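Me: I would like to go through this structure with you, one element at a time. Please keep the answers plain.

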Amino acid sequence: MPSARDLLRGRPRKELPLHLVVNRELTAAMRQLRVAAGDDTAHTIELLNMAITDLYPQARPGRTEYGRTSEPHLVDKRYVLALERGHHSQLPPPRWLANRAVGDKTLTYGSRVPAWLARAYDHAFGADGYLVDMFVWATAALADHDHDLPRLTRNLPEHIPVGQEYEYLAEPLVSAGDELEPHIHALLLEEAERVRPRLTTPPVEARDWEPSAEDASGNLGEAEEEMPEGIVLAGGSQFVAHWVIHNIGRVPWRDRWLFRVGQGPAEASLASPHLITIPDTDPGGSAELRLPIRAPRRPGTYRACVKMGWPNGVYCFPSTLLGLIVTVIVPPDDLTSPAVDWPVR
């Protein structure tokens, strides 16, 4: 039965692209890392339990409460396989999928993943914080997927005060540290000029702000030489993440924005504007995106994830957890000090 909105629009809702619900994508990554550590399931679970004991000395065998209230405990094969396949303390299907026909229902299965277990997997299998970051992004996305259609409700274009575009874009960077470097300041001024007309001119194609199976985006890595994944920077550095994305689908890109997903506190995450514009791009075309970022001062590995959406916060590709990602490594101060000559004997 088509919805009232579909009837008013005079056409049925298009088939949506479907890959994995967000927590299924998280547990799939957990499984991939575990299996990469060896084919012997018993051995990899032993490694996982060693990590749990190392991180949580109070952990004991046996399960506690399922889901978000779960306390750290040692795990067995049955628990691990059920969680990785989306069967552990199963989440209800997201609201946006509830009224849509899905041929393979197992694609909508997603486990409740406790934070301590994501950290233990990360520690056991050398993910260097990647799974912890995925957990943060998945937690943010679960709230967004409770809407039909999945959407952000925070830091949208409508929240930008007209005439204060630059201040809104710069605020996360300014609050994270010192004054902005000249090239970052200039880039934000340019972006503010692109934002302003979008706020004052109503979009004409709002009725097409729905995900479509004919829409697709590709990244061929053209900007990797300028901004390689895992770049090493001194703490507090300001830099520009650069991507070239291609419209490889059949849907023209209009009125689209790049939204930051799951941004944490400035002292413990990469700071960036909450959103930037995406140029209108026809099928077969490409768009260059530049996102100013400030690294934290504390040593560590940090990642930022951004996703494409419309002005009302609806995700263009809601069935995938990951969008564009930038990874920065901030080494300890003693490794970033100026090099000195070795003494000559």
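Me: Which strands does helix α9 lie across?
Reply: This is a predicted model. In it, helix α9 (residues 182-200) lies across β4 and β5, and runs at about 80 degrees to β5. Helix α9 also lies across β3 and β6, where its direction makes about 40 degrees with β3.

Me: What is the strand order in the sheet with β4 and β5?
Reply: The order is β2-β8-β7-β4-β5, an open sheet of five strands with mixed pairing. The edges are β2 (231-232) and β5 (275-277); each has a single partner strand, so one side of each is left without a neighbour in the sheet.

Me: And how many bridges join β2 to β8?
Reply: Two bridges join β2 to strand β8 (residues 324-330), and these strands run parallel. Ile 231 has Val 328 as its bridge partner in β8.

Me: Which helix packs on that sheet, touching β4, β7 and β8?
Reply: That is α7, which touches β4 (257-261), β7 (300-309) and β8. The direction of α7 makes about 35 degrees with that of β7.

Me: Back to β4. How many of its residues are buried?
Reply: Five of the five residues of β4 are buried, so the strand is largely enclosed by the rest of the structure. Trp 257, Phe 259 and Val 261 point one way, while Leu 258 and Arg 260 point the other way.

Me: Is β4 parallel or antiparallel to β5, and to β7?
Reply: β4 and β5 run antiparallel and are joined by three bridges. β4 also pairs with β7 in the antiparallel sense, over five bridges. As for individual partners, Trp 257 is bridged to Thr 277 in β5, and Phe 259 is bridged to Lys 307 in β7.

Me: What about the sheet with β3, then: which strands form it?
Reply: Three strands form that open sheet, in the order β1-β3-β6, with antiparallel pairing. Here β1 (217-219) and β6 (286-294) stand at the edges with a single partner strand each, so one side of each is left without a neighbour in the sheet. From one strand to the next, the twist averages 35 degrees.

Me: How many bridges does β3 share with β6?
Reply: Strand β3 (residues 238-247) pairs with β6 over nine bridges, in the antiparallel sense. His 246 has Ser 286 as its bridge partner in β6.

Me: Changing topic to the helices: at what angle do α2 and α7 cross?
Reply: Helix α2 (residues 22-36) and helix α7 (residues 130-144) cross at roughly 165 degrees, and their axes come within 9 Å. That angle makes α2 roughly antiparallel to α7. The crossing of α2 and α7 is left-handed.

Me: Who makes the contact?
Reply: On the α2 side there are Val 22, Asn 23, Glu 25, Leu 26, Ala 29, Met 30 and Leu 33. On the α7 side there are Leu 131, Met 134, Phe 135, Ala 138, Ala 141 and Leu 142. By class, the contact of α2 with α7 has 11 nonpolar, one polar and one charged residues.

Me: How do α4 and α6 pack?
Reply: Helix α4 (residues 77-84) and helix α6 (residues 115-124) pack at an angle of about 100 degrees, with axes 14 Å apart. The two helices are therefore roughly perpendicular to each other. Tyr 79, Val 80, Leu 83 and Glu 84 of α4 meet Trp 116, Leu 117 and Tyr 121 of α6. Six residues of this contact are nonpolar, none is polar and one is charged.

Me: What covers the buried residues of α4?
Reply: The cover includes α2, α3 and α6. The buried residues of α4 are Tyr 79, Val 80, Leu 81, Leu 83 and Glu 84. Just after α4, Gly 86 takes a positive phi of about 85 degrees.

Me: And which residues of α6 are buried?
Reply: Trp 116, Leu 117, Ala 118, Ala 120, Tyr 121 and Asp 122 are buried. Their cover includes α2, α3 (41-55), α4 and α7.

Me: Last one: where is Arg 151 found?
Reply: Arg 151 is in the loop between α7 and α8 (165-174). Arg 151 is partly exposed, with a relative accessible area of 21%.

Me: What does Arg 151 touch, leaving out residues up to four places away in sequence?
Reply: Arg 151 touches Asp 144, Asn 312, Gly 313, Val 314 and Tyr 315. Arg 151 and Tyr 315 are 164 residues apart in sequence, yet 5.7 Å apart in space, C-alpha to C-alpha.

Conventions. Residues numbered from 1 in each chain as written. Predicted model: local features only at pLDDT ≥ 70, side-chain atom pairs only at ≥ 80, totals over all residues. Heavy atoms only, no water. Axes fitted to C-alpha atoms, helices over the stretch in contact; angles between N-to-C directions. Helix = DSSP H or I, 4+ residues; strand = E, 2+ residues; numbered from the N terminus. Parallel < 35°, antiparallel > 145°, perpendicular 65-115°, else oblique. Contact = heavy atoms within 4.5 Å. Nonpolar A, V, L, I, M, F, W, Y, C, P; charged D, E, K, R; others polar. Left-handed = near helix turned anticlockwise from the far one by under 90°. Pairing = 2+ DSSP bridges. Buried < 20%, exposed > 50% of the residue type's maximum accessible area, 1.4 Å probe, protein only.
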